[in-house]
Amino acid sequence: MTSSPHQVGDVMTRAVVAVGREALFKDIVERMDGGRISALPVLEGDGRVVGVVSEADLLPKEEFRDSDPDRFVQRQRLDDLAKAGAVCAAELMSAPAVTVHADATLPEAARIMALRHVKRLPVVNAVGVLEGVVSRGDLLKVFLRSDNDLADEIRREVVDPLFPAPVEPVHIMVVEGIATLTGKVTDGTRIPLAVRLVRGVEGVVGVDCRLTAMDG
């Protein structure tokens, strides 16, 4: 039986395309294009992540290639104008890098991405050395789990522990990630907890709880 992938380390990509501080603009673009990725960690020394170069960091070079911005634009876009003239990763990268640890939960990683408006996070160890990269797509992989796999986990981790002796058998049906629970249980106070726990199973899209209590 397969358990939920609860942590970033369960879904991250370990084979990572990265660059050093001295990597040149064109090399960065070629690596992004070849790997079909939108951002690259920038490493130094023993593999410590010191920044990230993203497509957004590269675009100012094209945006301001043949323009002569006025003083207002210059004041508003100082960082972008500096990147327009940059030629290597050290000049282009956003630093410090927004990172995450392998033992972070998937919701934690999703919140970091949402709050910091990034699509990919370098995964680092306690001293900042690169271990992998987690992307939005990696976080969504949990929704590829089979319905049978989800039903097995719901039975094993939620239903059997909470309702060891139901009045009527608790049936679990999962279709397209939506879990439906039916049956009659002795302790109705545990039903709301069961719903929360089922909703927390990685890969569950929705919960339709039709459980009833013996005294209900």
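Tutor: On the surface, Leu140, Phe143, Ile178 and Val205 form a nonpolar patch with about 390 Å² of accessible area together. Patches are made of residues with over 30% relative accessible area and no salt bridge, like charges being joined within 9 Å and nonpolar side chains (Val, Leu, Ile, Met, Phe, Trp, Tyr) within 5 Å; a salt bridge is a side-chain nitrogen of Lys or Arg within 4 Å of a carboxyl oxygen of Asp or Glu. The areas come from the Shrake-Rupley method with a 1.4 Å probe, and for residues only the protein chains shown count as cover.

This is a predicted model, in which local features need pLDDT of at least 70 and side-chain atom pairs count only at pLDDT 80 or more, while totals for chains, interfaces and linings use all residues. Residues are numbered from 1 along each chain as its sequence is written, and side-chain values use heavy atoms, with hydrogens and water left out.

Val205 is exposed at a relative accessible area of 56%, where buried means under 20%, exposed over 50%, and partly exposed in between (1.4 Å probe, protein chains only).

Turning to helix H7 (residues 106-116), its buried residues are Leu106, Ala109 and Met113. Seen down the axis of H7, these fall within an arc of 65 degrees, so they line one face of the helix; the arc is that of the directions from the helix axis to the C-beta atoms. An α-helix has 3.6 residues a turn, so residues three or four places apart point the same way. On the other side of H7, Ala114 and Leu115 are exposed, and after H7 comes His117, whose phi is positive, near 55 degrees.

The cover over the buried residues of H7 includes helix H1 (8-11), strand E5 (120-124), E6 and helix H8 (136-140). Within E6 (residues 130-135) lies Glu131, which is partly exposed, with a relative accessible area of 33%. Leaving aside residues up to four places away in sequence, Glu131 touches Met12, Arg14, Ala102, Val123, Val124 and Asn125, contact meaning heavy atoms within 4.5 Å. Glu131 and Gly47 are 84 residues apart in sequence, yet 9.0 Å apart in space, C-alpha to C-alpha.

Notes
Helices (H or I, at least four residues) and strands (E, at least two) are DSSP runs, numbered from the N terminus.
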